[in-house]
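Please read them with the coordinates open.

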Amino acid sequence: KPMEVEEIVTFHTTPTEKGPRYGELHRAGNEPLATPCCVLHSNNGIPFHLTSDLLKNLPYATALHVSLSDLYENSKLIENYGKGWKQLAHIPQGKWLFLDSTDPSIYFESNMTCVVLQTRGGRVTVSTAAFAKLLEDSKIDVSTNLYYDITWAHSRKRAVKSIEISSKALEEHLEGNPEHAAKMFGVIAGGGNILERERAADLIADKPVLGFMLGGFGVDETEEQIKEFIPNIAGRLPSSKPLMIHSAGDPYSVLLLISLGIDLIVSPFSKAVSDLGCVLTWNLTPDVPVERPDSDKIMVSLMDNNLKTDKSPPVQGCECYTCKNHTRGYICHLLNVHEMLGDTLLQIHNTHHYTKFFAEIRERISKGNFQEYFDAFNAIYRPDNSQATA
């Protein structure tokens with residue numbers, strides 16, 4: 001099958017051997033996707049607690065993650081509709097949609113013979129042919145190959161098996177559907193074994209894929225392992241291709257991953273913060289002090305009844321809809337009576353704040369002062385600082 005123009009995805013970046021870098025993904029019909037970028041965890045392509053109309057008004061929320069289990073449950077509907085998942089789910093035009101074999105907020109044990117999905121109807125086995133068909137019907141912008149995910153605590157035997165299943169799935173997919181290579185991220189499995197990770201990288205480094213996903217991160221790895229593994233793996237891959245990873249997504253982890261050369265970070269962080277009833281408050285320009293309450297904290301809970309008469313905005317100076325139109329006291333009331341509007345208002349702000357954080361990072365990389373920005377952040381919010389982790 002010849003490659004259609006709108007299916008071709010290209011990546012342009014500044015040449016660098018290691019460290020943070022600015023880049024852009026291009027595809028016909030979409031706005032260029034600037035990197036480093038957050039790929040927001042979502043429910044079928046729309047961030048949790050939000051609607052399509054609300055998503056339109058979040059300009060920094062440009063990339064969305066959708067798990068394969070969500071689409072697989074709707075595969076017949078997608079096939080019959082015929083216009084792709086973006087139109088069917090009313091995802092705003094111009095947003096990028098990333099299909100991933102796994103859900104970053106859920107981990108479950110699979111068997112050791114094939115790729116298994118956890119759906120609402122139970123666990124199902126997915127073949128390469130079925131995955132390729134779904135990819136065609138859903139018209140997704142970017143996708144990973146099918147892969148077998150494990151935690152860092154698994155044995156080397158399990159790591160070897162995960163590499164075998166994942167690399168075989170990629171081989172079969174590209175052999176039967178070579179036109180998908182230009183929009184596919186090849187997954188590097190291997191768990192917590194550095195030798196197996198390096199072997200997995202060597203196996204797919206020369207594949208004609210768009211980029212690479214470092215599988216298995218964002219579960220139980222340590223900071224020391226992140227600093228050891230990512231440079232070793234990235235050093236074995238073409239520097240001209242983007243790197244994607246799962247992460248818990250707290251701001252320190254984001255800065256650390258970007259400093260190591262990661263371009264795309266799949267994260268449920270803003271949703272997790274909203275579920276806690278908290279609002280993100282940290283100063284997005286830590287090297288430029290600001291005079292506003294709670295700017296020295298990463299987040300603040302709005303469920304505290306002491307805030308019920310607080311008429312100040314959730315974050316002073318923020319330009320999002322929530323902060324321009326509502327108060328801390330009102331949101332405190334909504335949360336304490338379990339009104340779903342409270343979750344929505346929190347998610348609007350937290351998504352805006354979190355994605356604007358990435359925009360600020362991109363600006364600092366372009367200006368060449370990313371390390372100064374990272375150092376200023378660490379001075380105030382380093383995780384071992386009790387003020388930051390409260």
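The points below go from the chain as a whole to its core, its aromatic pairs and a few backbone details.

1. Overall form. The model is predicted. The chain has 15 helices and 15 strands. A compact globule of 390 residues would have a radius of gyration near 21 Å, and the chain agrees with this, having 21 Å. Along the principal axes, the C-alpha atoms fill a box of roughly 60 × 45 × 40 Å.

2. Of the 390 residues in the chain, 56% are buried. Among contacts with a separation of 6 or more, 68% are between residues 24 or more positions apart. The accessible surface is about 16500 Å², and carbon and sulfur atoms account for 52% of that area.

3. The nonpolar cores. The largest core holds 95 residues, and the members touching the most others are I188, L214, I230, W282, Y354, F357 and I361. Helix α13 (residues 340-367) gives the largest share of this core, eight residues.

4. Surroundings of W282. Which residues are in contact with W282, once its neighbours within four places in sequence are left aside? They are P251, F269, R292, S295, K297, I298, H353, Y354, F357, F377 and Y381. Ring pairs also join W282 with F269, Y354, F357 and F358 in a cluster.

5. The pair W152 and F229. The count of aromatic pairs comes to nine. In one of them, the ring centres of W152 and F229 are 4.7 Å apart with the planes at 50 degrees, so the pair is tilted. W152 is in the loop between β9 (142-144) and α6 (156-176), whereas F229 is in helix α8 (residues 223-234), so the pair ties together parts 77 residues apart in sequence. W152 counts as buried because its relative accessibility is 8%, and F229 is buried too, with a relative accessible area of 3%.

6. The pair F269 and Y354. This aromatic pair is also tilted, with 5.3 Å centre to centre and 40 degrees between the planes. F269 belongs to helix α10 (residues 269-275) and Y354 to helix α13, so the pair links distant parts of the chain, 85 residues apart. Are these residues buried or exposed? F269 is buried, at a relative accessible area of 9%, and Y354 is buried, at 0%.

7. A charge over a ring. K271 lies over the face of F48, and its distance from the ring centre is 4.7 Å.

8. A cis peptide bond. The bond from T35 to P36 is cis, and its omega is near 5 degrees. P36 is placed in the loop between β3 (33-35) and β4 (37-41).

9. Positive phi values. Two residues other than glycine deserve a look here. H49 has a phi near 75 degrees and sits in the loop between β4 and α1 (52-56). Its relative accessibility is 30%, so H49 counts as partly exposed. H338 has a phi near 60 degrees and is found in the loop between α12 (328-336) and α13. H338 counts as exposed because its relative accessibility is 71%, and the cut-off for exposed is over 50%.

Methods:
Residues numbered from 1 in each chain as written. Predicted model: local features only at pLDDT ≥ 70, side-chain atom pairs only at ≥ 80, totals over all residues. Heavy atoms only, no water. Core = buried A, V, L, I, M, F, W, Y, C linked by side-chain atoms within 4.5 Å. Buried < 20%, exposed > 50% of the residue type's maximum accessible area, 1.4 Å probe, protein only. Helix = DSSP H or I, 4+ residues; strand = E, 2+ residues; numbered from the N terminus. Contact = heavy atoms within 4.5 Å. Phe/Tyr/Trp six-rings, centres within 6.5 Å; stacked < 30°, edge-to-face > 60°. Lys NZ or Arg CZ within 6 Å of the ring centre and 35° of its normal. Rg over C-alpha atoms; globule rule 2.2 N^0.38 Å. Areas by Shrake-Rupley, 256 points an atom, 1.4 Å probe, with all protein chains shown as cover.
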